[in-house]
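Please open the structure in your viewer and keep the selection tool at hand.

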Amino acid sequence: SERMNLFKKLLIGLGVAVILLIIAAVWFVVSLFSEPDMSNLPEHYPFKSAAAKVRYLAYYDERAQQWPVDSEASLVETSFGKTFVRVSGPLLAPPLILLPSTSSSSLIWLPNIQALSQQYRVYAIDNIYDVGRSVNIKSINSPDDLVNWLDELFTELDLGDSINLMGLSFGGWLTSQFVLSHPNRINKAVWLAPVATIHQIPGEWAWRAILSALPHRYFMKKFMIEWLFADLLKQNDEISIKHLDQLVEDAMMGLKSYTFRMPVTPTVLSDKELQEIQVPVLFLVGENEKLYPAKTAVMRLNTIAPQIQTEIIPHAGHDLTIVQTTLVNKKILDFQYRLLIFLWNI
């Protein structure tokens, strides 16, 4: 009888614990979809606290000291908030806008900026709705919001209607959205391993993203960084190990410092959308890309939209700008050269 009573109490206690866990889980999920009051944002927004803001910006500024060329930095006002822009390269060179991958700032372009700024006036941007020094003051809920923000930004920067636009991963997808919406403003575009855009994101990415968000660098390193950047991991030399550690540290600093903001989900372009693109576009993807099969993506573009130039980068995956920096830079710069030759022959 006493054992039975004890067993019942244990069952009741376990049931209460399970119910509390369910309530906590539901509250957490609901909170993820809850927008902050944009009319009454705390001074430290989008950071978790004033201390988190100080910590992150100090870390950011220390990383920025690695920028290998002279640059000017500014905060540009738009109706969506202040956008941080780092400008490098000759004053009269054609403009090249760089859009970073998700959970990354403009500093993701550290391996590439020296080569690119030889021929371009390069504008490396911190996404208005991600980590970095940009701060949104309006909700960002759709691709249209992001495209309208960029359109305003380019106007404020006085870039005119002959812009060269390049993005990596999420930035590559955003580049495709801007090309579709404002083709008249674009001279040419480069999509570097764009997330979605050509092919659906695999389900594996979702559970890896959840595990990598756990508050310890082990999970970020094992379940996301080493998966996406497998070719960098394989190199296993001092420089590659340093790159991997830096990627993990950047990601963890962002997780620890920023409040959660519901991201805009990247989409796959329809056949019709791809066929409508007449702006010169270069699509670069690593042969070992994890977000979709590189050959399948290239085959779809070659079949549906042969006007889009495609290249598969060997011995690289989502880390193509790091493990194949020289080759990727050459492909980008050669794309401009080939475009000029084409226009000259018309």
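Begin by selecting Lys82, which lies in strand β2 (residues 81–88); strands (E, at least two residues) and helices (H or I, at least four) are DSSP runs, numbered from the N terminus. Lys82 counts as partly exposed because its relative accessibility is 39%; buried means under 20% relative accessible area, exposed over 50%, and partly exposed in between (1.4 Å probe, protein chains only). Apart from neighbours within four places in sequence, Lys82 is in contact with Leu75, Val76, Glu77, Ile128, Ser134 and Val135, where contact means heavy atoms within 4.5 Å.

Before continuing, note how the model is described. It is a predicted model, in which local features need pLDDT of at least 70 and side-chain atom pairs count only at pLDDT 80 or more, while totals for chains, interfaces and linings use all residues. Residues are numbered from 1 along each chain as its sequence is written, and side-chain values use heavy atoms, with hydrogens and water left out.

Colour the chain by pLDDT, the predictor's confidence in each residue, from 0 to 100. The protein chain averages 90, and 91% of the residues score at least 70. Over residues 28–32 the pLDDT is below 50, and this stretch has 2 contacts in the model beyond near neighbours in sequence.

Next, select helix α9 (residues 238–257). Its 20 residues reach 28 Å from the first C-alpha to the last, close to the 28 Å expected at 1.5 Å a residue; the expected span is 1.5 Å times one less than the number of residues. Among the buried residues of α9 are Leu244, Leu247, Val248 and Ala251. What covers the buried residues includes α2 (50–64), α7 (217–228), α8 (230–235) and α12 (320–323).

Step back to Asn236, in the loop between α8 and α9. Most residues other than glycine have a negative phi, and most peptide bonds are trans. For a cis peptide bond, select Tyr45 and Pro46, where omega is about 10°.

Now display the aromatic rings. The whole structure holds 10 aromatic pairs; rings of Phe, Tyr and Trp (its six-membered ring) pair if their centres lie within 6.5 Å, and planes under 30 degrees apart count as stacked, over 60 as edge-to-face and the rest as tilted. Tyr56 and Tyr258 form an edge-to-face pair, 5.1 Å centre to centre with 80° between the planes. Tyr56 is in helix α2 and Tyr258 in the loop between α9 and α10 (271–276), 202 residues apart. Ring pairs link Phe47, Tyr56, Tyr60, Phe84 and Tyr258 into a cluster.

Finish at helix α5 (residues 170–181), which contains Ser176. Ser176 counts as buried because its relative accessibility is 0%. Leaving aside neighbours within four places in sequence, Ser176 is in contact with Trp191, Thr197 and Leu269.
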